[in-house]
Each structure stands twice: as structure tokens, then as C-alpha cells.
Amino acid sequence: MEVDYRQFPVLLVDDEPDILRAFTFNYGDDFEVLTAGSGAQGLSLLETHEPAVIVADQRMPAMSGTEFLERSMAVRPDAVRIILTGYTDIDAITQAINKSRVYRYVTKPWESEELRLTLRRAIEAFHLVRENGRLVEELRRANERPQELVGASEAMRNVLELIARVAGSHATVLLEGETGTGKELVARAIHAAGPRRDHLFVAINCAALSEGLLESELFGHRRGAFTGATEDRKGLFEVASGGTLFLDEISETSPALQAKLLRVLQEGEVRPVGENRPRTVDARVIVATNRNLEDEVKTGRFREDLYYRLRVFPIRLPPLRERREDIPALTRHLLGRLARQVKKPVPEPSEETLALLARYPFPGNVRELANELERAVLLAAPGAPITDDLLSERLQEAAGDGAAPSLLQHRTDTFEREQIEAALGRAGGVKTRAAEELGITYRGLLKKMKRLGM
């Protein structure tokens with residue numbers, strides 16, 4: 001996690017001036033340090049400042065550390081709390097943990113580097129919770145429907161219906177779809193609409209890290225477990241416990257890591273690297289892939305037992321070319337968002353431009369559409385609409401090709417696809433029965449399915 005620690009103030013409350021000076025001297029270069037000489041001064045300071053971490057000495061006159069931390073909850077409930085104490089204050093520590101959600105206690109005199117690491121971890125925890133809260137709030141403002149999940153096509157209605165059905169459960173979800181179809185957005189929507197919405201949503205791209213680093217990120221490690229492991233570190237399964245862990249590009253994991261993931265899903269336990277005892281975790285798992293996992297199983301690249309563990313509730317995200325009728329609505333929505341970002345008006349594009357966009361297959365899906373529009377907005381004169389000439393040459397050539405199907409043809413294809421899918425559903429997947437219901441031959445049905453990419 002990349003965190004600028006100086007953006008998050010640390011408040012120390014202690015009645016000993018020497019302690020306040022030493023703390024500022026030791027940690028002032030690493031963090032923005034605020035100090036207060038008593039609990040009353042600390043509460044007053046909290047009215048005007050927003051520290052991410054509050055550190056309080058237990059033994060202070062007039063107001064103890066536990067009393068101060070408890071009262072600070074009413075002013076800064078989201079701050080991470082640390083208490084400084086002697087070995088004889090165990091009862092007070094237990095009280096503080098129960099009433100004030102104390103993150104950690106540190107015994108005096110503290111070890112300088114150990115406290116520095118503790119403060120860093122506390123800031124990371126604060127940052128993670130705040131960021132998650134921001135994302136959840138964004139989703140709630142969008143009626144628990146991510147903004148890029150725009151469209152009224154049958155394909156999108158099916159996706160939204162599946163999200164609504166699975167969100168309230170704790171079931172593992174497998175999201176399958178091409179790059180740029182919005183798999184993480186769907187995962188966030190499921191989390192935000194479910195019972196774990198007030199806990200963390202943690203995402204990781206399994207293809208972005210080496211096997212060793214990915215194992216450490218997911219399961220954690222003990223200090224000294226390998227070169228560079230200078231401290232104990234929780235894995236993302238533990239960090240997301242109570243919430244949701246989203247594993248993107250799950251198909252890129254190694255067989256060895258797949259075996260460990262299977263154990264977590266079966267037993268609800270993780271074993272950090274370098275540790276013998278397992279730790280219990282309770283994170284809902286949502287995974288995503290741009291590959292066909294069933295094919296990966298057949299070729300031996302993905303474990304069959306893990307595949308069936310993950311495929312409790314599969315959701316296929318349609319590529320943009322299968323819901324071209326959504327492109328005009330998506331374009332208007334994305335342009336509205338871009339207008340807010342660049343702080344200039346962006347008029348609605350012409351019907352001709354929308355038709356041109358609808359003819360392009362968009363192999364990069366919604367992400368590619370968003371990039372095209374962002375480029376066009378930056379090139380457009382202030383207040384001028386997006387026109388065909390502002391789109392990339394690649395898009396103009398592909399969409400303007402005379403052999404490219406018309407918008408009417410795309411809508412006809414979409415209708416035929418929906419009718420075939422419905423007939424197959426009613427026929428239980430038996431193509432001969434579906435062909436009979438549709439009034440066409442079996443061979444004719446196969447030809448249509450092949451032409452439509454089904």
C-alpha cells in the first residue's frame with residue numbers, strides 16, 4: 001500500500017513535556033505530529049484538527065488515557081487509537097480495548113523503531129477504512145449501482161438482476177468477462193448491496209505480482225520469514241475479514257497457490273508465511289477472470305476442485321459488442337462525468353457520431369469507449385460537441401468500413417440472440433427443441449448461433 005504518511009496527523013497526549021519533545025524529535029520527520037499536555041487539551045485540539053492516529057499515555061492526572069480515548073470517540077470516531085502504558089495497567093488496557101476500540105497498546109519506555117512501524121500500520125489501517133468508506137458512499141449515492149453499469153439492454157438487465165439476487169448472501173461469486181467489461185465494478189456493487197457493506201472491500205490483481213509476493217500479500221507473513229520481511233504483516237484475507245476480498249485475474253495464479261486458496265475456501269483459515277498456526281478468517285470471496293476457466297481446467301492449467309469451489313454463483317459480463325444499444329446511453333453518461341472532471345461543458349454528440357460509435361466492436365469494451373471519449377473531449381474546442389473527426393483513426397476506419405453492419409443490423413442481431421437464448425432456456429439447452437420452437441431447422445439454428453458468436 002502506497003501511503004504518504006505525512007498527510008495523516010498523529011496526536012500524542014502526555015502530561016510529561018520531555019515525552020512530548022522526544023516524540024516530536026523522533027517522529028516529526030516521518031509524520032505530522034500534534035501534541036497535548038493533558039486530556040482536556042487533547043479534546044480541545046480534536047475540535048480543530050483531524051488526526052488519523054491518537055496516542056495517549058494511560059497515567060495522567062485529572063483525566064486518564066482510557067478516559068480520554070473514550071471521550072475522544074464522540075469527536076473523532078474514525079481515528080485509530082494507541083495507548084501508552086506500564087505493565088501494571090492491564091485492567092485499564094482491557095477497559096480501553098472494550099470501550100474505545102484501541103488498536104494497540106505500547107509499553108513504556110517504547111522501542112523507537114517498533115513504535116514508528118506501529119504508527120505506520122495504524123495510518124495504513126485508517127487510510128484503508130476511510131478509502132473503503134468513500135467508495136461505499138459513492139455506491140450508495142448511485143443507488144448501489146456503479147455508474148459505469150449503465151444500460152437498459154437485456155444483457156445488462158440480466159447482470160443487474162443477478163447482482164440483486166446474490167448480494168444478500170455470503171456466496172462466492174465468479175465474474176467472467178473480457179477486459180474492460182466492468183468486473184471490479186460489479187464486485188463492488190455486490191459488496192455495497194450486501195450485509196458486509198460496512199466492512200472493507202479489498203481488491204488485488206493476481207496477475208500483477210510474482211507467486212511469492214502474491215502469497216505474502218494474500219496470507220501475510222511473519223518477521224524474518226524471508227529476506228526483506230522486517231515485520232509481521234497481515235494478509236489481505238485477514239484485512240478483509242468481515243468484508244469482501246476481490247481476486248482479479250484468478251486464472252493467472254500458480255497451481256501451488258491455487259491449492260492454498262482452496263484450503264482457505266474450505267477451512268476458513270490462512271497460514272501466514274513463516275508461521276505454523278493457522279488463523280481464522282471470514283472474508284467473502286469474489287473472483288474474476290477474462291479467460292474461460294472451464295477451458296483452463298480441461299488443459300490442466302487450473303485446478304478442477306478450486307474451479308467448482310469458485311463457481312458457486314457465476315456471472316458472465318457481456319462485451320460491449322453484445323449490447324451495442326447501450327452505447328448511446330453509456331456515451332452520454334461518460335461524457336457527463338468527463339465534463340465534471342475537466343470542468344467544461346461537453347454538448348451531447350450528434351446521432352451520426354453515436355451511430356458511428358455503435359458500429360465499432362470495441363474490443364477493449366467500456367474501458368476503450370471511456371478512453372476514446374476522454375481523448376475526444378480533450379481535443380474538442382470549449383463548448384463544442386464531439387464529432388467523428390475527433391475519434392481515433394482506428395475507430396473511424398473500423399466503424400466506417402462499408403462492410404461493417406449497420407446500427408439496425410446490430411439491433412436485429414441483438415433481438416435474434418435474445419430470442420435464441422430464451423428458447424434454449426425453455427428447452428433446457430436442447431437445440432433441436434429450441435429450433436422447433438423458433439420455427440427454423442436445427443442446421444439453421446446452428447448457423448445463426450455461429451454468426452452471432454453464441
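**Exercise 1. In what order do the 5 strands of the open sheet stand, and what kind of pairing do they have?**

Solution. The structure is a predicted model, and the steps below should be read with that in mind. Begin with the order of the open sheet, which is 2-1-3-4-5, with parallel pairing. The next step concerns the ends of this order: strand 2 (33–36) and strand 5 (102–107) stand at the edges and have a single partner strand each, so one side of each is left without a neighbour in the sheet. From one strand to the next, the twist averages 20°.

**Exercise 2. Trace the bridges that join strand 1 to strand 3, strand 3 to strand 4, and strand 4 to strand 5.**

Solution. Strand 1 and strand 3 run parallel and are joined by 4 bridges, and here Leu12 stands opposite Val55 of strand 3. Moving on, strand 3 is joined to strand 4 by 5 bridges, again with the strands running parallel, and Val53 has Val80 of strand 4 as its bridge partner. Finally, 5 bridges join strand 4 (residues 80–85) to strand 5, which run parallel, and Ile83 has Tyr105 of strand 5 as its bridge partner.

Two helices can then be placed on the sheet. Helix 1 (residues 17–27) packs on it, touching strand 1 (10–13) and strand 2, and the direction of helix 1 makes about 180° with that of strand 2. Helix 3 (residues 65–72) also packs on the sheet, touching strand 1, strand 3 (53–57), strand 4 and strand 5, with a direction that makes about 155° with that of strand 3.

**Exercise 3. Which residues of strand 3 are buried on one side, and which on the other?**

Solution. Taking buried to mean under 20% relative accessible area, one finds that 5 of the 5 residues of strand 3 are buried. Dividing them by face, Val53, Val55 and Asp57 lie on one side, while Ile54 and Ala56 lie on the other. For the chain as a whole, 47% of the 454 residues count as buried.

**Exercise 4. Describe how helix 8 is placed against helix 10.**

Solution. First take the axes: those of helix 8 (residues 211–219) and helix 10 (residues 255–267) come within 11 Å and cross at roughly 10°. Helix 8 is therefore roughly parallel to helix 10. Next list the contact, to which helix 8 contributes Glu211, Leu214, Glu215, Leu218 and Phe219, and helix 10 contributes Ala256, Leu257, Lys260, Leu261 and Val264.

Notes
Residues numbered from 1 in each chain as written. Predicted model: local features only at pLDDT ≥ 70, side-chain atom pairs only at ≥ 80, totals over all residues. Heavy atoms only, no water. Pairing = 2+ DSSP bridges. Axes fitted to C-alpha atoms, helices over the stretch in contact; angles between N-to-C directions. Contact = heavy atoms within 4.5 Å. Buried < 20%, exposed > 50% of the residue type's maximum accessible area, 1.4 Å probe, protein only. Parallel < 35°, antiparallel > 145°, perpendicular 65-115°, else oblique.
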